[in-house]
Amino acid sequence: SDCRVEGPLANGEAEKAAQDWATNTTQAIGDKGVELLRAFPMNKTGRARGGFQRALKTVRKSATQVDIPGPSQRGVVFSPWLEGTSQRNQSAHFKGYHLFRKARTQLNKLAPDIAQKELDKVLPRMGGET
């Protein structure tokens with residue numbers, strides 16, 4: 001007798017859905033990171049804050065990687081100063097806001113729920129239940 005295999009695993013749809021899940025999840029986490037970075041209050045450097053927060057964006061590096069680069073103005077990256085990691089911070093009274101460090105900590109906590117939400121969207125395409 002013949003054995004006939006059909007369905008999402010056989011026709012490649014499950015693999016495509018898994019790839020879409022990885023891409024959609026990294027984008028959703030990156031978007032959340034931008035949202036968190038824009039939400040941090042920065043009172044001391046209001047002029048820099050506006051330009052910095054407006055310039056934040058995600059940049060897709062691959063199907064499974066999204067970066068949020070530190071914005072620059074006329075070739076000068078001012079994220080290290082705002083973060084508190086530049087050499088100028090060591091000699092100045094301004095120790096930085098640690099925005100990226102705080103956002104990374106928050107994203108690590110939020111990532112599983114974001115990933116699950118995105119998985120629920122593609123699970124039917126994999127032949128699973130929602």
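Which residues do ring pairs link into a cluster?

Modeller: That would be Trp81, Phe94 and Tyr97. Before the details, a word of caution: this is a predicted model, where local features need pLDDT of at least 70, side-chain atom pairs count only at pLDDT 80 or more, and totals for chains, interfaces and linings use all residues. Numbering runs from 1 along each chain as its sequence is written, and side-chain values use heavy atoms, with hydrogens and water left out.

Searching the whole structure turns up three aromatic pairs (Phe, Tyr and Trp rings, the six-membered one for Trp, with centres within 6.5 Å; planes under 30 degrees apart are stacked, over 60 edge-to-face, the rest tilted). Phe52 and Phe100 have ring centres 6.3 Å apart and planes at 85°, so they're edge-to-face. That pair links distant parts of the chain, 48 residues apart: Phe52 is in helix α3 and Phe100 in helix α6 (helices are DSSP runs of H or I, at least four residues, numbered from the N terminus). Phe52 is buried, at 1% relative accessible area (buried is under 20%, with a 1.4 Å probe and protein chains only).

Phe94 is buried at 10%, and Tyr97 is buried at 12%. As for Trp81, the charged end of Arg88 sits over its ring, 4.1 Å from the centre (the cut-offs: NZ of Lys or CZ of Arg within 6 Å of the ring centre and within 35 degrees of the ring normal).

Terms used:
Helices (H or I, at least four residues) and strands (E, at least two) are DSSP runs, numbered from the N terminus. Buried means under 20% relative accessible area, exposed over 50%, partly exposed in between (1.4 Å probe, protein chains only).
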